[in-house]
Amino acid sequence: MIKVLFTGLTRNRKALIGMIIIAFIVVVALAAPLLTEYNPASRVGRPHQPPSADHWLGTTRIGQDVFSRLIHGAQTSLAVGFGAGLLITVLGTALGIIAGYRGGKTDEVISFFTNMVLVVPNLPLLLVLASFIGQASPLVIAIILGFTSWAWGARVTRAETLSIKHKDFIKSAEMMGEPRWRIMMFEIFPNLISIVGINFIGSVIFAIITEATLEFLGLGDPKTVSWGMMLYNAQKASALSVGAWWDILTPCFALALLGIGLSLLNFAVDEIANPRLRSGNRLNRWTALIRSGDGRL
Amino acid sequence: MAFLIRRFGFYLAAFIAAATINFFLPRLMPGDPIQIMFSSAGAELSPENLDALKLTFGFVDGPLWQQYLTYLQSIFTGDLGRSIKYFPLPVTSVLGNALIWTVGLMGTATIVSFTLGTFLGVLAAWRRGSVFDIVVSVGAIFATSVPAVVTSLIVLFFFGFTLGWFPTGYAADPSLDPSFSLTYIGSLLYHGILPMLTLCTVLTGGFAVTMRNNMINLLGEDYIVMGRAKGLSDSRVMLWYAARNALLPTVSSLAIAIGTVLGGSLVTEVVFNYPGLGNILYQAILARDYPVIQGQLLIMTVAMLIANFIVDVSYVLLDPRLRGTS
């Protein structure tokens with residue numbers, strides 16, 4: 001299954017474009033200190049200078065170099081995205097497999113909590129949590145995202161687990177006396193790998209978008225160098241009304257590019273997993289839910 | 001009916017869960033929560049006012065469970081405390097005034113994008129692999145993978161500032177008095193176009209993809225082949241045989257999408273300086289007005305639960321199997 005997924009990904013054009021975009025952003029983020037001489041946090045020029053040879057993407061309201069902030073900020077967005085994405089996926093997958101395989105009371109309890117988390121609106125809840133934390137650093141944002149956003153994944157994984165738990169290979173593993181954790185880890189999990197992959201990429205996109213949104217709304221730590229804080233500062237400095245488009249469009253473009261790159265990859269994983277859907281479709285968080293479950297809350 | 005009653009009980013539990021989070025969060029802060037909440041907001045309050053506020057937050061003398069019950073009681077009687085920033089206005093009236101704008105914006109955007117997205121999805125699935133399908137599918141990826149903040153800012157920059165076609169703030173011309181006159185309604189629509197455009201861009205793609213996928217999964221079914229074999233027209237099979245059944249799961253995706261709509265709407269209002277909940281909330285966050293921030297969670301949760309309940313009811317209406325069990 002993993003091998004099929006891998007060879008499929010390398011042959012799929014959408015996956016290839018998506019991976020090139022993501023690889024490009026990762027390389028730029030890692031090489032950030034080599035690509036610019038400016039410190040992203042300090043004042044290095046006059047305020048709101050348009051792009052020039054000195055400052056490739058201009059300067060901010062307080063004279064920071066936008067290009068330097070952009071490529072250093074990429075590190076933050078990627079770290080929060082992949083960190084929180086991993087946490088969301090691990091929690092969701094584990095809970096989903098346990099609920100689906102164990103059934104009975106365990107399933108009832110987990111499903112009840114999953115459904116409850118799904119009907120409490122996510123962003124308003126995060127706003128409350130983040131405002132009590134005060135100035136939330138990217139690490140804190142990643143952690144609260146991880147612990148509040150696993151429900152989608154849990155539900156999809158549970159539904160998939162239910163659909164394979166009565167297959168012969170599971171039965172034979174049970175007959176041979178394999179312990180339950182081993183069946184869940186080594187018999188069920190590998191067969192859910194495409195669902196887990198889609199969940200992971202979807203969660204990364206969600207985490208990146210949400211981190212930027214929380215910071216844009218003023219809940220981030222002002223010392224953070226990230227795309228969300230760039231948007232927040234630019235908006236606070238009324239960058240658009242004073243004509244400093246470079247200040248605000250730069251992080252916009254970066255977020256859009258990363259989002260599109262990840263979505264293309266997600267799209268491709270879905271096509272490989274569901275050949276029926278070829279020629280364009282994207283399995284996002286809720287279509288995944290609808291297709292694999294009965295579609296109701 | 002039993003189904004709806006069970007759902008209602010579940011929603012009640014979900015609401016109490018949200019209220020419980022609100023109750024415990026201030027108590028997890030080190031020190032005296034009320035003092036911290038107020039000093040970080042930089043507000044000066046008289047001792048009597050402080051006592052009144054403590055009461056609505058359940059900080060009464062007595063064990064924790066008693067405080068909890070006091071808090072739940074004030075929530076269920078519609079008392080969400082008073083705003084710090086707009087003291088002494090109660091949170092319910094601060095948020096209530098703004099809610100009208102948000103509901104108007106969100107409601108219209110949801111209806112428009114759901115209708116448009118569903119139609120695009122049906123047509124794309126029907127002509128799978130055609131240029132139209134590719135344009136819709138690829139367009140949907142781009143539109144749904146870009147954060148609402150980014151879409152709002154780009155729309156504002158392009159149509160608001162660069163081209164200057166539309167206003168860049170407010171829900172209507174501030175020099176006009178609210179009335180049912182044509183000028184005022186015209187001004188409302190004119191100011192609402194950009195936020196609507198943004199929200200529809202963010203939402204339509206998701207609905208289109210959901211509908212397309214549901215349709216494709218149904219097109220191989222026997223009753224579709226049967227419809228064709230009977231010699232029915234293409235459009236009849238497409239709309240009355242396939243789309244009608246594919247709509248069912250799409251409706252439930254609507255309930256789930258409400259969360260996205262809420263989030264998108266909050267951000268869009270901030271960018272377009274639209275006087276809805278999002279904007280009030282943004283001001284509250286900047287001023288660390290905790291009662292308002294907590295109040296919005298409860299109001300949003302209720303909005304989400306109502307939306308879910310409407311979807312449940314329409315599910316019962318759309319799906320005869322559910323009606324049969326009652």
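A:Ala254 lies in helix 13 of chain A, where helices (H or I, at least four residues) and strands (E, at least two) are DSSP runs numbered from the N terminus. This is a predicted model, in which local features need pLDDT of at least 70, side-chain atom pairs count only at pLDDT 80 or more, and totals for chains, interfaces and linings use all residues. Residues are numbered from 1 along each chain as its sequence is written, while chains are lettered from A and ligands numbered from 1 in the order in which they are written.

Is A:Ala254 buried or exposed? A:Ala254 counts as buried because 21 C-beta neighbours lie inside 10 Å. The cut-offs are these: a residue is buried with 20 or more other C-beta atoms within 10 Å of its own, exposed with 12 or fewer, and partly exposed in between, with C-beta atoms placed from the backbone. Leaving out residues up to four places away in sequence, A:Ala254 touches A:Leu70, A:Ala74 and A:Trp227. Contact here requires two C-beta atoms, placed from the backbone, to lie within 7 Å. A:Met176 is another matter: A:Ala254 and A:Met176 are 78 residues apart in sequence and 53 Å apart in space, C-alpha to C-alpha.

Now take the contact between the chains. It draws 49 residues from chain A and 61 residues from chain B. On the side of chain A that touches chain B, at least two residues each come from helix 5, helix 6 (122-133), helix 11 (193-216), helix 13 (245-273) and helix 14 (285-292) of chain A. Helix 13 of chain A gives the largest share of that side, 12 residues. By type, the residues of this side of chain A divide into 33 nonpolar, 12 polar and four charged. Ala, Val, Leu, Ile, Met, Phe, Trp, Tyr, Cys and Pro count as nonpolar, Asp, Glu, Lys and Arg as charged, and the others, Gly among them, as polar.

Which residues of helix 5 of chain A are buried? They are A:Thr114, A:Val117, A:Leu118 and A:Val119. The buried residues of this helix pack against helix 8 (151-164) of chain A, and also against helix 1 (2-28) and helix 12 (290-318) of chain B.

Helix 1 of chain B holds B:Asn22. B:Asn22 has 25 C-beta neighbours inside 10 Å, so B:Asn22 counts as buried. Beyond its neighbours within four places in sequence, B:Asn22 is in contact with A:Val128, B:Gln294, B:Leu297 and B:Leu298. B:Asn22 and B:Thr301 are 279 residues apart along the chain, yet their C-alpha atoms are separated by 12 Å.

Chain B as a whole has 13 helices and zero strands. Buried residues make up 45% of its 326 residues. Of the contacts in chain B between residues at least 6 apart in sequence, 71% join residues at least 24 apart.

In chain B, B:Asn273 lies in the loop between helix 10 (234-271) and helix 11 (277-286). Its phi is near 50°, a positive value in a residue other than glycine. B:Asn273 counts as partly exposed because it has 16 C-beta neighbours inside 10 Å. In chain A, A:Pro190 sits in the loop between helix 10 (180-188) and helix 11. A:Pro190 has 11 C-beta neighbours inside 10 Å and therefore counts as exposed.
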